[in-house]
Each structure stands twice: as C-alpha cells, then as structure tokens.
Amino acid sequence: MKFAIEVFGQLRLWEIQSSLPKLKSFLIDHDFEVDTYGTFWNDEYTLNMFNNEKLTFFDKLNLIDEPPFEYGTLKKYYYNLKYSTEQRQASNKSYDIVLQCRSDLNFNLDADASKLILKLKSLLVENKDTPTTFINEMTTWRGQGLGPPGYKLDDRHFWSNEKAANMIGSTYDEFIKLEKPVDNIREGIFCYHNFHKVIDHFNINTIFFDKMFSCPSLMRWTILKKLKLKDSELAKHIQDYDSLIKYYESSNIRTS
C-alpha cells in the first residue's frame, strides 16, 4: 500500500519535530510505501530551516507566499492546503491513504498500533472506491448545544483515502464561493473545528475509530504542561522553539 504524508500551513517548532520521522518508519515497517510532501509559507523561519538543511524529511517541498487574509479563520489554512494537494497531484502518483496535517503535532503511536494499522488497511480496501475519511473519536467534541450534526471535528489533521483527500484539498476553492461577510469572522464558513462542514459539503464517507494507531496532539500543549504555564494567543504565532520557551518563561502565566 502507498501512503502520502502531506504537511502544510505555517511551519512551527520543526527543530523539535521527531514524531513524523518515527511515524514514517513505523509505516514502512508495516509494508507501506511512503512519500512525504511539504507546503509552507515562504517566511524567514522556513527559509532558515531550508537553508540549514532541516527540511530533508520532505521528498517534495513547496514554499508559497502568504496571503494577507484576516486573522481568526481557517481561510489561510485551507488556501495553503489547496497548493499542498496540487503538489501531491502533480507527482502523478496514486495513494491508498493520505495524511494531511500541520507541522507542530506529536504523532504518538498507540500501544496497539501494529494491530490497529491492520484494521485501517482492511477498511482502506473496503472503501477504496468511496471518498472516505477516518476520524479518531479522541479528537471529536460531542455534546448538546453543538448543533447539527451534534459534534465538532478537529481540523489539525485529516486521514483519508485519496479520493477524499483531493476533495478536502479543494475546500478553499469550494468554500470561498460560498463565504459571505459576517460581523464575527470566527463564525464564517472557515471557522475552527468545523471539519464536519467539509465532510457534509463533499458528502464524504466518515468512519469513526474508538482509537487509531496514532493520535496526534499539539506540541505546544506538551510544552505548556511541562512548564505548568497557560497558553496565550500570541504564543500561537511563534514559530521557533527557543523563542517560544523564552516567551512562556517571561510571561509566567501559571496554571492553578
């Protein structure tokens, strides 16, 4: 089977990213052929990583100019994903599964990862002709008051077969035609944690797992937990590890 790891968006904390190479090794050990793609903003941090040969993880790399979109939505995120998807498609290779994800995630492997990957392989075969995405219940918010369909989905990573991945990658082009000005930009079509809207728009088949072989978490959260500090809006924009640590330590916003 063939697996594409497609990392996109703003490059962050790459100097401490060790889980993606481990994930790739795990997949190869379980008989996947793995190709890696990276699409990031052509910014100072990313260029520094590139010039210092820190981006050799990627078989294909694409740096694009960051658009001047308003802050507070995922419009810029899906705009980058559009070019990420196009880079993979330009390779003229076909994949059984595509992981589309941001760069600052820890891809922790489950204790039963070797068994769980077999389940995923079986489902990939069963659903190969149907656009399908795979959701880990641990990254789903459920509860009353969330509105239809009664849950919210994490938008930091998408595990899908190729048909679905290509649809997800066209989200920007599809949704930009539907977007209307609103008073609160966070409530627009590109609002956070609304991956279910993408699934609904493209009528993508969705398979929920009690747990998957890997459940990613934000690297920033791991750092905060270790330092016993609270997060802040400014911290989300700091790309390099040293600057992030200096900011957290100087802010000294302790958890209770």
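Good morning. I begin with aspartate 31, which sits in the loop between helix 1 (19–29) and strand 2 (33–41). Helices (H or I, at least four residues) and strands (E, at least two) are DSSP runs, numbered from the N terminus. The model is a predicted one, in which local features need pLDDT of at least 70 and side-chain atom pairs count only at pLDDT 80 or more, while totals for chains, interfaces and linings use all residues. Residues are numbered from 1 along each chain as its sequence is written, and side-chain values use heavy atoms, with hydrogens and water left out.

Aspartate 31 has a phi near 70 degrees, a positive value in a residue other than glycine. Aspartate 31 is also exposed, with a relative accessible area of 60%. Here, buried means under 20% relative accessible area, exposed means over 50%, and partly exposed lies in between (1.4 Å probe, protein chains only).

Asparagine 92 also has a positive phi, of about 60 degrees, although it is not a glycine. Asparagine 92 belongs to the loop between helix 3 (75–90) and strand 4 (97–101), and with a relative accessible area of 70% it is exposed.

Two further loops deserve mention. Glutamate 53 is found in the loop between helix 2 (44–51) and strand 3 (60–64), where it is exposed at 63% relative accessible area. From glutamate 53 to serine 91 there are 38 residues in sequence and 22 Å in space, C-alpha to C-alpha. Proline 149 lies in the loop between strand 7 (140–142) and strand 8 (151–153), and the peptide bond from proline 148 to proline 149 is cis, with omega near 0 degrees.

I turn now to histidine 157, in strand 9 (residues 157–160). Is histidine 157 buried or exposed? Histidine 157 is buried, with a relative accessible area of 7%. Its side chain makes a polar contact of 3.3 Å with the side chain of aspartate 154, and another polar contact, of 3.4 Å, joins the side chains of histidine 157 and tryptophan 159. A polar contact is a pair of N or O atoms within 3.5 Å; within protein, one must be able to donate a hydrogen and the other to accept it, and residues adjacent in sequence count only if both atoms are side-chain atoms. Not counting residues up to four places away in sequence, histidine 157 touches Tyr77, Leu99, Gln100, Cys101, Leu105, Thr139 and Pro216, where contact means heavy atoms within 4.5 Å.

Finally, the helix pairs. The axes of helix 3 and helix 5 (residues 162–169) come within 8 Å and cross at roughly 140 degrees. That angle makes helix 3 oblique to helix 5. The contact is formed by Tyr78, Leu81, Lys82, Thr85, Arg88 and Gln89 of helix 3 with Glu162, Ala165, Asn166, Ile168 and Gly169 of helix 5. Axes are lines fitted to C-alpha atoms, for helices over the stretch in contact, and angles run from 0 to 180 degrees between N-to-C directions. Angles under 35 degrees count as roughly parallel, over 145 as roughly antiparallel, 65 to 115 as roughly perpendicular and the rest as oblique.

For helix 8 (residues 219–227) and helix 9 (residues 241–251), the axes come within 12 Å and cross at roughly 40 degrees. Helix 8 and helix 9 are therefore oblique to each other. In their contact, Arg220, Ile223, Leu224 and Leu227 of helix 8 meet Tyr241, Leu244, Ile245 and Tyr248 of helix 9. Thank you.
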